[in-house]
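I opened this model to look at its helices, its surface and the record's annotations. My notes follow.

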Amino acid sequence: MQRAIDLFYKFLEFLLIVLLSGMAIMVFLNVVLRYGFNSGLNVSDELSRYFFVWVTFIGAVVTFREHSHVGVETLVMMFGRRGRIICMILSNIIIIAVSAIFFWGTWKQAPINASMVAPVTKLPMIWVYGIGFFTGAGVVIIALERLFRLLTGRITEEEIAAFAGEHMSLEQLSERT
């Protein structure tokens with residue numbers, strides 16, 4: 001099962017590369033066409049914006065899985081093991097609540113987005129803003145799994161140390177900010 005999950009995240013990382021590359025190529029091509037040939041592709045402006053939205057929200061799930069979001073390690077480092085576990089439990093509960101609200105908001109907005117189309121590509125806007133379903137559900141699932149492992153005592157010392165920012169070089173800590 002873990003292998004399938006890892007493959008899924010490798011696919012997401014590949015998808016992020018494709019989206020970011022596509023965005024860069026479309027913007028570069030449009031700049032060349034506008035300045036070099038006094039023309040441009042309207043579809044590239046629209047799609048590059050949508051790709052940016054998708055990169056942001058897919059990347060949020062991948063980043064959350066890798067514990068790479070910004071944290072307050074300086075505060076958590078001052079606590080002992082029990083304090084760190086309590087902080088981890090509280091932060092996961094808050095993350096679950098906020099992500100569930102995000103998912104619910106996307107759900108409430110979905111009929112409106114499904115009925116609207118993009119001006120150039122005529123793509124239903126649910127394809128753009130529906131990524132909130134993926135992000136909300138993905139983060140909730142990851143946080144629920146972490147919370148379950150915390151409450152059942154299956155959390156490793158390495159994860160607790162990572163949550164507190166320990167065992168990381170200055171370079172790794174600077175990458176997280």
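I started with F14, which lies in helix α1. Helices here are DSSP runs (H or I, at least four residues), strands are E runs of at least two, and numbering goes from the N terminus. The model is predicted: local features need pLDDT of at least 70, side-chain atom pairs count only at pLDDT 80 or more, and totals for chains, interfaces and linings use all residues. Residues are numbered from 1 along each chain as its sequence is written, and side-chain values use heavy atoms, with hydrogens and water left out.

Next I looked up α2, residues 42–65. I found 24 residues and a reach of 36 Å from first C-alpha to last, close to the 34 Å expected at 1.5 Å a residue. The expected span is 1.5 Å times one less than the number of residues. Its buried residues include Y50, F51, W54 and I58. Buried means under 20% relative accessible area (1.4 Å probe, protein chains only). I noted α1, α4, α5 and α6 among what covers them. H67 follows α2 with a positive phi, near 60°.

I then checked α6. It has 21 residues and reaches 30 Å between its first and last C-alpha, close to the expected 30 Å. Just after α6, G153 takes a positive phi of about 75°.

Last, the record. UniProt (unreviewed entry) places "transmembrane region" at residues 12–35, 47–64, 85–106 and 126–144. Such annotations may be inferred rather than shown by experiment. I found residues 85–106 to be 100% helix, with end C-alpha atoms 31 Å apart. Residues 126–144 are 95% helix and 0% strand, with ends 26 Å apart by C-alpha.

Conventions: Buried means under 20% relative accessible area, exposed over 50%, partly exposed in between (1.4 Å probe, protein chains only). Contact means heavy atoms within 4.5 Å.
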